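Have the structure open while you read.

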Amino acid sequence: MMKLSGKTAVITGSASGIGLSIAKLFAKEGAAVVIADLKLDAARAAAAEIEREGGTSLAVEMDVTNEAAVKAGMDEAARHFKHIDILVSNAGIQIVDPIEDFSFDHWKKMLAIHLDGGFLTTREAVRHMKALGTGGAVIYMGSVHSHEASALKSAYVTAKHGLLGLARVLAKEGAAYGVRSNVICPGFVHTPLVEKQIPEQARTLGISEEEVVNNVMLGGTVDKEFTTVDDVAQTALFLAAFPTNALTGQSVVVSHGWFMQ
Ligand code: NAD
């Protein structure tokens, strides 16, 4: 029995990393998946791969910080598949720097992608869900940094904490029309986003790349292991397929025990 048969899921930032893994798993579980990403070529390649594997997929160019682009992309998805049942607001980047060196442009860019993106995609998805009256599930890609702080990550930690607030407000508002809202909070996952950080942090902190991995990234885990894209995708599937509205307004931490709530 497939867990998401008949559902349509829009997943932002799904041409790569965690989002791509969620898109592939959701497609295997019967959902039509919309690969919404800044990079259209990569989104098309991901959608084609899903189709080759027997899934149903549509690539949509979407910059989640752009109000018109989010509306156009979400409308295209709804026109194509007739309804939107699941939103995974996942697109994100990382910029690390000490606060005193953090440029205001970088700060605004980070908040725009993580928070404006979360808000704009939520608003458009919820408009479609509410109009159809069939309810839905919204999942935000938070982080252990939705609960914990780390040096050099002022904008990221601020934005990821902010997503908890947005998710909780949507849980309260969405209850009236059957929309659930939850946050997944992964620990470090080996994706291009993290690959880029290893040499950057080594330079800034004056330590080796191995020390960044073992001490900074995995130092707080119970077993010194990275969380995997599949761990996060399985958590997203659990939240998307949950059969009732009991599970809403929560954050689920998948981090090898780095953060325990
Ligand atoms: P990734 O770099 O592999 O993928 C991010 C995707 O987002 C890319 O395809 C990129 O093109 C897209 N993107 C970037 N800016 C965009 C925009 N403005 N509009 C639309 N798409 C955009 O990164 P990832 O590691 O898979 O990260 C995905 C999410 O998971 C992010 O929100 C990240 O903060 C979060 N996260 C990652 C980790 C980790 O360790 N990798 C841990 C916790 C949370």
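**The ligand and its shell**

The ligand's space is the largest pocket, a pocket being an open set of points on a 1 Å grid over the protein atoms alone, where a 1.4 Å probe fits and protein lies on both sides within 12 Å along at least five of seven lines. This is a predicted model, where local features need pLDDT of at least 70, side-chain atom pairs need 80 or more, and totals for chains, interfaces and linings use all residues. Residues are numbered from 1 along each chain, and side-chain values use heavy atoms, leaving out hydrogens and water.

Who's around it
- The ligand is surrounded by 30 residues, each with a heavy atom within 4 Å of it.
- Ser16, Asp37, Tyr156, Val189 and Thr191 are the closest.
- The shell splits into 16 nonpolar, 10 polar (Gly counts here) and four charged (Asp, Glu, Lys and Arg) residues.

Polar contacts (N or O pairs within 3.5 Å)
- Met62 puts a backbone N or O atom 3.3 Å from a ligand nitrogen.
- For Asn90, a polar backbone atom sits 2.7 Å from a ligand oxygen.
- Lys160 uses a polar side-chain atom, 3.0 Å from a ligand oxygen.

Where the shell comes from
- Helix H6 (192-205) gives the largest share, three residues.

Technical notes: A polar contact is a pair of N or O atoms within 3.5 Å; within protein, one must be able to donate a hydrogen and the other to accept it, and residues adjacent in sequence count only if both atoms are side-chain atoms. On a 1 Å grid over the protein atoms alone, a cavity is a set of points where a 1.4 Å probe fits but cannot get out, and a pocket is an open set with protein on both sides within 12 Å along at least five of seven lines; lining residues have an atom within 4 Å of a point. A molecule sits in a cavity or pocket if more than half of its atoms lie within 2 Å of its grid points. Helices (H or I, at least four residues) and strands (E, at least two) are DSSP runs, numbered from the N terminus.
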